[in-house]
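Subject: Structure handover

Hello,

Please find the structure below.

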Amino acid sequence: MMDYGAAIGQQLINGVVLGLCYALLAFGLNLIVGILGIMSFAQGEFYMLGGVFTFAFMQYLGLGYVTSILASILIVAFIGALAERFLIKPLAEKDMEITLLGTFAISIILMNLLEYIFGNTPQKIFTPFKTLYNIGPLVINQQRLVIIIAGILLVLLFNFMLKNTKFGISVRATSQNKVAANLVGINVAKTYTLTFGMGCFLAAIAGALMGPLSAVYPSMGQNIGLKGFVVIVLGGMGSLPGAVYGGIILGVIESLGAAFISSEWKDLIGYGAMILILLFKPQGLFGRKGAGV
Amino acid sequence: MLEITQLEVSYGAVQAVKGIDLEVKDGELISLIGNNGAGKTTTLHAISGLLKAKAGSIKFNGQELTVLKPYEILQQGVAQVPEGREVFPELTVFENLEMGAYLTSKDSKLFNDTLEMCYTYFPILPKRKNQLARTLSGGEQQMLVIARALMSQPKLLLLDEPSLGLAPMVVEQVMSIIQEINKKGVAVLLVEQNANLALEISNRGYVMETGKIVLSDDSKNLLDNEEVKTAYLGI
C-alpha cells in the first residue's frame, strides 16, 4: 500500500513538472490567440528552438546551461517578433484565415532549417542541476525542482506584468477593443509584434528547461505543439489562467495514465480529454465566452 | 484648425465619401448631420487615421493627417469618441482613463489635473473608479469614452453619435457637457443623426447625403431651412 502511494506521489511530481512546461508553452500560445486573434501552429517549433539553441550554445560555444538558456530565449523571442512583423502581419492584412497557413509554414521552415543545420539526432543537454532530494519516500531531482520554481515564477511575473504595468494593460486593452486601442494612441502593430515575441519566448523557456529531461532534436516540436492545442482547448481559448491549469491537468493525467495504464496510452488520454471537452464544454474549463485577455 | 478638401474614402468596395470639403475653426462646435450610411463615420475614421483616404487632404494646423498613423494623429491633438461606447470592457474605469492618457501620462501632475477635470465633468466616474467598464450602464459607458478621449488633452474632439441609444435625460446631460468642453477651448466636430440636438448646440453645421456635403450654413439657418426641416428634423 505504501509503495502504491509513493508511486502516485512520484508520478504527481513528474506530472506537475511536465504540466508546467505545457503551461508555459500554452500561456504563450494563449497570449497570441487572445491578443492577435490568430492560432499559431509554430508554437512547438519555438519550443524546439529554445531546446536546440541551448544545446548548441553549450556544445559549440562552451557556454554554461543558464547562460545558454538566457541567450537562446532572447534570440527565439527576436525570431518570433521578426516572423510576426514580416510574415504574419502582411498575411493578416490580406486575410486573417491565411495566417493559420502562415504559421504552419513557419513551423515547417524552422524544423527543416534546423534539421539541415544540426541533423535530426536526439542530443542530450547536460544540466548542472543534478542533485537528488529525498522527500520521505519520494525522490525529486534538482532539474525538476528548477522547472517547478521557474515555471511558477514566470507565470506570476507575466501575470503581474499584464495586470499592473502600463505596457501590460495596453496589451490587454488591445485584445479587448482594437478600434479603441488605436484611438487612445496604442501602436497596435507594435503591440502585436511584441506579444508574438513574448509568446515564443515562453515556449522557448519551456523547451530549454525540458531539454535535460528528454532529448532535443529539430522535430521535437511537432508533438508538443499539438499538446499546446490540447491544453488551450482544455483551459479555454485565450484564457491565461486556463493555460496554466489546463497545462498542469494535462501533465498530471498523462503521467498518471502512463504509469498506471500504459505509457502507450499517454497521448490517447490527452487527446481523449480534449475531445470530451470539445463535446461537452467547448469554451474550456476556465474560459468565458467573448472575454478578452 | 481642421481643413478637409476634396476628401474621398472607400470602405471596402464602396466609396463612402465622395469628395467633401469641411472646416473646423479654432474654438468652434461644428455639427455634421445626415442619415445612416451618409458617410459621417467614415469621414471621422479618415480624420483619425483608422481608414486611409483615397484622395484629397486633411490638414490639422497645417499638418497633413492622411499620411499619419492613428497614434501620430492623436499626438497632433485630435481625439475621437467612436460610436457605440467602445470601452475596454475588462479594464476598470480608472484603467480605461489611464489608457486614454497613453501617450501623455509621463507628467503625473498633468495626468492628475486632467483626471480631476474629467471627474468634475462626470462625477459618476470617480464613484465607479474600480469597477470593470462592462458593468457600467450605457450612459456611464458613453461618459467614460468621452472622458477617456479628454485624457489625451485634445485640441479637437471628434464625437460620433454620442446620443445614440441613451435615455433622454442622459442625452441632455451629455450634450451640455460637450458644450462645456467646447467653452473651455476644445474645438468639437459632432456627428449626429439627431439633427435637432446637434444644430441646437453647434455654431455651424454640414449636411451629408450619400457621401457628399449637400448643405453647409450657420446652425440657426439650417434649423430654419425647409429642406433640412423636412428631411432631418421631422417637422
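In chain B, β6 (78-81) and α6 (138-150) each supply at least two residues of the lining of the largest cavity. Helices (H or I, at least four residues) and strands (E, at least two) are DSSP runs, numbered from the N terminus. On a 1 Å grid over the protein atoms alone, a cavity is a set of points where a 1.4 Å probe fits but cannot get out, a pocket is an open set with protein on both sides within 12 Å along at least five of seven lines, and lining residues have an atom within 4 Å of a point.

This is a predicted model: local features need pLDDT of at least 70, side-chain atom pairs count only at pLDDT 80 or more, and totals for chains, interfaces and linings use all residues. Residues are numbered from 1 along each chain as its sequence is written, chains are lettered from A and ligands numbered from 1 in the order in which they are written, and side-chain values use heavy atoms, with hydrogens and water left out.

Cavities

There are 2 cavities of 30 Å³ or more. The largest has a volume of about 60 Å³, a volume being the space filled by probe spheres set on the grid points, which are joined across faces, edges and corners. Its lining includes L183(A), V184(A) and R148(B). By class, that lining has 5 nonpolar, 3 polar and 1 charged residues. Ala, Val, Leu, Ile, Met, Phe, Trp, Tyr, Cys and Pro count as nonpolar, Asp, Glu, Lys and Arg as charged, and the others, Gly among them, as polar.

The second largest cavity has a volume of about 40 Å³. Among the residues that line it are L183(A), S48(B) and P70(B). Two or more residues of this lining come from each of α2 (70-76) and β6 of chain B. The classes here are 6 nonpolar, 2 polar and no charged residues.

Largest pocket

The largest pocket has a volume of about 1000 Å³. Of its 29 lining residues, E93(A), K178(A), N182(A), V188(A) and L50(B) lie nearest its centre. The element that gives the most to the lining is α3(A), with 5 residues. In the lining, 17 residues are nonpolar, 6 polar and 6 charged.

Tryptophan on chain A

W265(A) sits in the loop between α10 (240-260) and α11 (266-280) of chain A. Its relative accessible area is 45%, so W265(A) is partly exposed (buried means under 20%, exposed over 50%, partly exposed in between, with a 1.4 Å probe and protein chains only).

Regards
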